[in-house]
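Here's a quick tour of a two-chain model, starting where the chains meet and then moving into one of them. Have the viewer open as you read.

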Amino acid sequence: MTATRDAIAVPDSTQPAIALLRELRRGHGKKQAASVAYWVYLVAFLVLVYGGSVIAAAVRALRHPPAATAQTPHVLQAAPAGLAALALIVLVVLARDALWRGPVTLPQAAVDWLLGTPVDRGALLRPRFRLSAALAILAGAAAGIVPAAALVALGLGAGNGGAGNHGASYHGARYHGASGVLRLTGASMLSMALLFAFATGVAGLIERYPASWPWLRRVTPVAVAVAAAFAGLATWAMLGRPPAVLADIALWSGPWGWAGQATVAAAGGAAPLWPLAIGALGLLAVAALARAHRAAAGVPGPALRIRAATLGAISAAAFNMDTRSVAVAYSAAGAARRARFRLRPPRQRQLVLFWRDLLALGRAPSRLVGAVALTLLAVGLIAVARRGGRDPLVPVACALALGYLAAAWLCEGARLDADDTRRSVPLPFRFASLAWWHAAVPCLVLLVVAGVPGAALCLAAGDPRLLVLLVAVPVLIGGAMVNVFRGQYPPDLFSGVDTPFGNTAAVRIVFWYAWGPILAVAPMAVLASSAIGTPDPAALARALVIGAALAAAFGAYAARRAGRLRAG
Amino acid sequence: MPPVSIPPLLSLTGVSREFGERLALRPIDLELAAGTCVAVLGANGSGKSTLLRIAAGRDTPTTGRVRYGGRTLAEDDPVVRTEIAVVGDMVSAYPDLTAREHLLLVAVAHGAGGRAEALVDQALGECRLGDHGGALPGSLSSGQLQALHLAAVLVRPRRLLVLDEPEQRLDPAARRWLAGLLSAEKQAGAAVLLATHHAELAQSVAGQVVVLSDGSVIGRGTPEVALAAIR
């Protein structure tokens, strides 16, 4: 084994190397198994202790599922498009996973010590793919419980589509009590498991062929638009009576539609060919998995190196509960698309921060699109709250929480300055005042994004109360700024203080992360819901005045936090 | 009788690399023959590591061509993995394997078979890790970890060494040892491509020096000529 100028021939050493590694790491494997067993035990214990009442309620629901209501037939009509939308989003999310992580990943040590050797890549990578596929199938089966539980809760647990009470069309066999719920849950779990398996196969192929990565980035907005159209169809089905052929189109539009058919049929809906659909999905999943398993050996080395480094960074940050570092590592992995957006720099120095924030937004269109989508949902919830009448607090609070998320997404420019206080040294501003300057662009964007649909609804309904989200925008931005300038996660939060009610660590951690949204959403939820709940215009004016005062207070608080961040 | 020209082992022709809108490496040509050493000097962010990753087949150039031993270079080619030894910015190790076990794994993976133990002993001794063979990575200093990565080169066959700042974390005595090791590798017929911040190291082992700045070559030639250019 020396340096040489001649070509080198090496016998295949894959089996001895893998066997040696297994032998050397046998003790580590046992420790890892014990650790996994401990975590399973801990989770099961916590679920039993804290979720006992929920489990008992679930068992009761299993034996006596909630009865159908007047809304149940509408839910059944909406189920095909709703489930197709959900499945399509799941498929896109899992496929996009291949852009930065993928089903085939190696730990950093294996990358550094084995990837550069002549050991057969297939022997290294195929077991990782098999493990990912098995975990994905299990996760899919578990995820399948969620839509099934939602349908049962909405009165579809009896499997007759609410026909017993409300005379909707009846397509499936009639099942009672536990058997109906089990059938529905089983169908949903099987469908989601197959969908996850198919998605893992697709992700494996995408990871293997880097040429497909730009294609996936291009096709994502189209898939999201189709899912949004399905969601719109589901909403239409909830509120009215769209042509039945549209539901059939959703169910046969692709694997995402096939994945919903067994669940729809088990709920008593119209999906007579569901065995064919589930069979096709199963075949597709097996084919995709088999093809991806073969291809796993060819995942490019550079991709494996980058992914191992990214996962290492994300794991370390997650272990320290540092969500910002997790987001930064994810963003650095390049999964999100960066647009080539240019903007002429301003001549006046004072405008440079606005220019930079606009540039950051323009170059991350997914952030802007996500904020727009969240804001539209929030406006929709405000409209629902107004129609709902008596108790608008819950929908208004949900709308404000969505609005807060949109505001937080738009504050990336401020977050970059908060990450590293040295970055803003050349700017002609004091660091503490950055909290105010950075608030301008997100506030304007959110006012426009919430204002246009809000004003349209307001004009259509002739009710100015629908503009209440606009009143809340500066407060939400102020809350987001409070969170942006919170600084590094203090490790002493983990220790907490022992009290007669238990250790305070968990509460302190939750407050540390959620201080901004709590400050912004809680008071505005009360103010906005009281403004919506009464026809008195004074309530809206009161919300406007108090909201402005809150926004100013949060801005000052964020500036103070920023000042401390710089000083610390 | 005209001199016989030896084809280079590694050749880079018009190689450049862009990351998004950032041009990390402007088009560069480079040739490396068996038994020679080229050192790449430059400040942080000048493109050294990018160039070395491309030369080791661990990154794909945006433009240009990389040939190794007459074939297109790709890390996924087992021959390339057999013949090119890389020491880069590796910082990780299996936390539960000793220094000796790490080297044993590399030796076996490269087909050492029954000679693996002897090779590992020899490499541990050469890299001044003889007393630390049974140590876990967590108990090694950063300099000893770097020596471990260098020892991993010695337990495997190699025709080309690609070393990205191998002197980092090494003390002055270890750096002198490193210079001796690289000279011996060169004499044994291996080609060495070395990125370094230490002009003295480059001067002592390299026949040619390339100086990079902001992804562009600003000096090239014998160590004396190239170093004079940057002074």
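## Where the chains meet

In this predicted model, 33 residues of chain A are in contact with 40 residues of chain B. On the chain A side, the elements that each put in two or more residues are helices H1 (14-24), H2 (26-50), H5 (108-113) and H14 (301-319) of chain A. H1(A) gives the most, with 5 residues.

| Class on the chain A side | Count |
|---|---|
| Nonpolar | 18 residues |
| Polar | 9 residues |

## Chain B overall

Now for chain B itself, which has 8 helices and 10 strands. The C-alpha trace of chain B spans about 45 × 45 × 40 Å along its principal axes. Buried residues account for 49% of the 231 residues in chain B. Of the chain B contacts between residues at least 6 apart in sequence, 63% link residues at least 24 apart.

## A sheet with a helix on it

Chain B also has an open sheet of 4 strands with antiparallel pairing, in the order S2-S1-S4-S5. Strands S2 (22-32) and S5 (71-72) of chain B sit at the edges, each pairing on one side only. Strand S1 (residues 10-19) of chain B runs antiparallel to S2(B), and 7 bridges join the pair. Leu10(B) has Leu32(B) in S2(B) as its bridge partner. Helix H1 (residues 48-55) of chain B packs on this sheet, touching S1, S2 and strand S4 (63-68) of chain B. The direction of H1(B) makes about 125° with that of S1(B).

Note on methods
Residues are numbered from 1 along each chain as its sequence is written. Chains are lettered from A and ligands numbered from 1 in the order in which they are written. This is a predicted model: local features need pLDDT of at least 70, side-chain atom pairs count only at pLDDT 80 or more; totals for chains, interfaces and linings use all residues. A residue is buried if 20 or more other C-beta atoms lie within 10 Å of its own, exposed if 12 or fewer, and partly exposed in between; C-beta atoms are placed from the backbone. Two residues are in contact if their C-beta atoms, placed from the backbone, lie within 7 Å. Ala, Val, Leu, Ile, Met, Phe, Trp, Tyr, Cys and Pro count as nonpolar, Asp, Glu, Lys and Arg as charged, and the others, Gly among them, as polar. Two strands pair if DSSP finds at least two bridges between them. Axes are lines fitted to C-alpha atoms, for helices over the stretch in contact, and angles run from 0 to 180 degrees between N-to-C directions.
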